[in-house]
2 protein chains.
Amino acid sequence: MGVLYGPKSYENEPHRDPSLIVNSKEPFNAETPPKALVRSFVTPEDLFYKRNHGPIPVIDDPNNYRLEICGLVPGPLSLSLQDLRNLPKHTVTATLQCAGNRRTAMSKVRKVKGVGWAISALGNAVWGGARLHDVLELAGVRQESSKRHVEFSSVDVCKEENGGPYKGSIPLSQAMSPEAEVILAYEMNGKELNRDHGFPLRVVVPGVIGARSVKWLTEIKVIEEECQGFFMQKDFKMFPPTVDWDNINWNSRRPLMDFPVQCPICSPAEGDLVKAGSKMKIQGYAVSGGGRGIERVDVSVDGGKTWQEAQRFQDDKEYIADNPEKCKRFAWVLWELTVELTNSPLEVVAKAVDAAANIQPEDVSSIWNLRGVLNTSWHRVRLNVVPPQSKL
Amino acid sequence: MGVLYGPKSYENEPHRDPSLIVNSKEPFNAETPPKALVRSFVTPEDLFYKRNHGPIPVIDDPNNYRLEICGLVPGPLSLSLQDLRNLPKHTVTATLQCAGNRRTAMSKVRKVKGVGWAISALGNAVWGGARLHDVLELAGVRQESSKRHVEFSSVDVCKEENGGPYKGSIPLSQAMSPEAEVILAYEMNGKELNRDHGFPLRVVVPGVIGARSVKWLTEIKVIEEECQGFFMQKDFKMFPPTVDWDNINWNSRRPLMDFPVQCPICSPAEGDLVKAGSKMKIQGYAVSGGGRGIERVDVSVDGGKTWQEAQRFQDDKEYIADNPEKCKRFAWVLWELTVELTNSPLEVVAKAVDAAANIQPEDVSSIWNLRGVLNTSWHRVRLNVVPPQSKL
């Protein structure tokens, strides 16, 4: 025991890329510069957003690491990293997104509680590891209809009021479904998972808010009902705009799982200078939860009066609008649209439609909530148009 | 062969409830009076909406009925109704909704093509039958990751331009998933399925537009990719508002499957007279596709300026807000809110949020599409307030 542990101080943090936008230093919470985000379909590990509740856990000797599979399982297990590597390896390209992505914009309506995030509290990676499904089968668990959950426990030391190590759970049915592609990842983008992202092992739950993809995993427990931990019961729930801290009833809402459709503009950025008469490429990402792919991205340059459809792609600029079969359903799409600029004021707006025809709310105030989660409102970027002869 | 067949004339139609609102006589398309819809969690068969493309099929002797299981299956089968009844019986409470529900309101923005429907082209029933999963397993099919689909063929005679008998398909992964609860139903609300709803056998695909729950089923075929039939390829797709009949490219969109979140007001109705100073009960339904339950229903009586949360229930008025575990995820919730009326003008508005925090569009024009499908915009009902002493 104790080979993987959560330290109490920040003396042993990993090296981080200096270009990250740091929202909080201790614990370390940082996001990608938006223009870097749309440079590649797969987000480089160093630029991938970092979301922590305490100091990064430390492991003295990975050979001593053990993952415990316990609870309502016929045959409890204690697995080494090598045991996990000996299982069939599965890779899934999945976008992880923090439920608090775009929280800063929600705070402009009315102050919300939580780490401030602009538009890059997410990233898309190729995760490699063992299928959770295979591991549970090893422990004798079978696919069944029940209300049971699978609980993931980490070793990181969170603030005391948050009740100890980080935990989360997902329904057993999702854990056992091959289609859900839940994996125990020891690789990120073909390399060994790094400390910031959960070394030596993390869960990746595709299509679900990042909070359930528990890092620095030490225990997987099958339980009768959903996890009663802080982050399932007293956080990451969405309340209506009428609920505030004086009238909140946490039990009245369910823990957030799938996230709704999201579609920010990454380039240009608010306030950028652009030349009248020039061509401008508008770029962003779009993603929806639950494996619901993106059906369409609409972009407006006149504040929402008229719209054009953007081109969507994954991998190698292979346009998935023409290749729906090639769509990776748990991964974002990047999109772009090139427009010719006139002299008119420019307000770029983007919105997406997912495979179940879900749309985004036009206005953030209609979805304001005290924890500032799931801001999926239309994203708007105002630009300054300068005369063609200006020097930029 | 030929025991179940689609006649060419309308001489042998079943008896129908006279209270149904008939939108087209031949083929027979009719919906429930909205106030009747919210009277019970389970919609009575007679009042359940009827959606047809031709005369109702006829079967001479149900004992001669055969369902063929063919295509990419290791062991093709020909099953009688008794064979199906001998398999374990599964029941699922599921709301079926026509993709064209609320089309009439979309036509007010700009004319769309299709049968006009107000707000009741849906119903909630308890379907009983064999699991599709069990039947495919009997034919040797195993759960696998592939692009294969399962195609359902009917015998009803559609218009010639629609390319013959009605067909539709769903992904094999969904067909094989126990969680998806796709069934071959021979019962509706505990009684033998009636002719209007697919006697002797229909598919029920919970959480998906009604068009894929093929009635009068005669063949189930595992195929390499999605069905190429008219109703999959040239209908039931959603286009952006900019696409019209002169610039349509059917191949650019995928067939509709899951439907988005929907929440109409069934009582009171547009134009109803109500007394100032009295109490009024507002009632409606809310449902979302893909098994995403309803997380919240918001109701406004001032046209959307302020909102209150309505109470949601399924079965026996057991309020599921307090019993999330009891939620039937493929079934609608009914909801109600009682308000005290003042003298002010009354505009009732309702909107819902589903379990993945998906919301509805405020305005129908933003989702206008030439086929008039998936109108899930906020529903509005304007009432006339009369003085307290008026006789109503």
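Between chain B and chain A of this predicted model, four residue pairs are in polar contact, both residues of each pair being at pLDDT 80 or more. On the side of chain B that touches chain A, the elements giving two or more residues are strand E18 (294–300) and strand E23 (346–354) of chain B. E18(B) gives the most to this side, with three residues. By residue class, the side of chain B that touches chain A divides into 20 nonpolar, eight polar and 13 charged residues.

The contact takes 41 residues from chain A and 41 residues from chain B. About 3,400 Å² is buried between the two chains, 46% of it on carbon and sulfur atoms. Four salt bridges are counted between chain B and chain A. A salt bridge joins the side chains of A:Glu309 and B:Arg253, with an N to O distance of 2.5 Å.

The largest nonpolar core has 156 residues, and A:Leu136 and B:Leu136 have the most contacts inside it. Apart from residues up to four places away in sequence, B:Leu136 touches B:Ile69, B:Val141, B:Val150, B:Leu172, B:Ala175, B:Met176, B:Ile220 and B:Val222.

In chain A, A:Thr95 lies in strand E7 (residues 89–97). A:Thr95 counts as buried because its relative accessibility is 0%, the cut-off for burial being under 20%. The side chain of A:Thr95 makes a polar contact with the side chain of A:Asn124 at 2.8 Å and reaches the backbone nitrogen of A:Trp332 at 2.7 Å. With neighbours within four places in sequence left aside, the residues in contact with A:Thr95 include A:Leu122, A:Gly123, A:Phe259, A:Val287, A:Phe330 and A:Ala331.

Conventions
Residues are numbered from 1 along each chain as its sequence is written. Chains are lettered from A and ligands numbered from 1 in the order in which they are written. This is a predicted model: local features need pLDDT of at least 70, side-chain atom pairs count only at pLDDT 80 or more; totals for chains, interfaces and linings use all residues. Side-chain values use heavy atoms; hydrogens and water are left out. A nonpolar core is a set of buried Ala, Val, Leu, Ile, Met, Phe, Trp, Tyr and Cys residues joined through side-chain atoms within 4.5 Å. Buried means under 20% relative accessible area, exposed over 50%, partly exposed in between (1.4 Å probe, protein chains only). Contact means heavy atoms within 4.5 Å. Helices (H or I, at least four residues) and strands (E, at least two) are DSSP runs, numbered from the N terminus. A polar contact is a pair of N or O atoms within 3.5 Å; within protein, one must be able to donate a hydrogen and the other to accept it, and residues adjacent in sequence count only if both atoms are side-chain atoms. Buried area is the accessible area (1.4 Å probe) that two parts lose on being put together, summed over both. Ala, Val, Leu, Ile, Met, Phe, Trp, Tyr, Cys and Pro count as nonpolar, Asp, Glu, Lys and Arg as charged, and the others, Gly among them, as polar.
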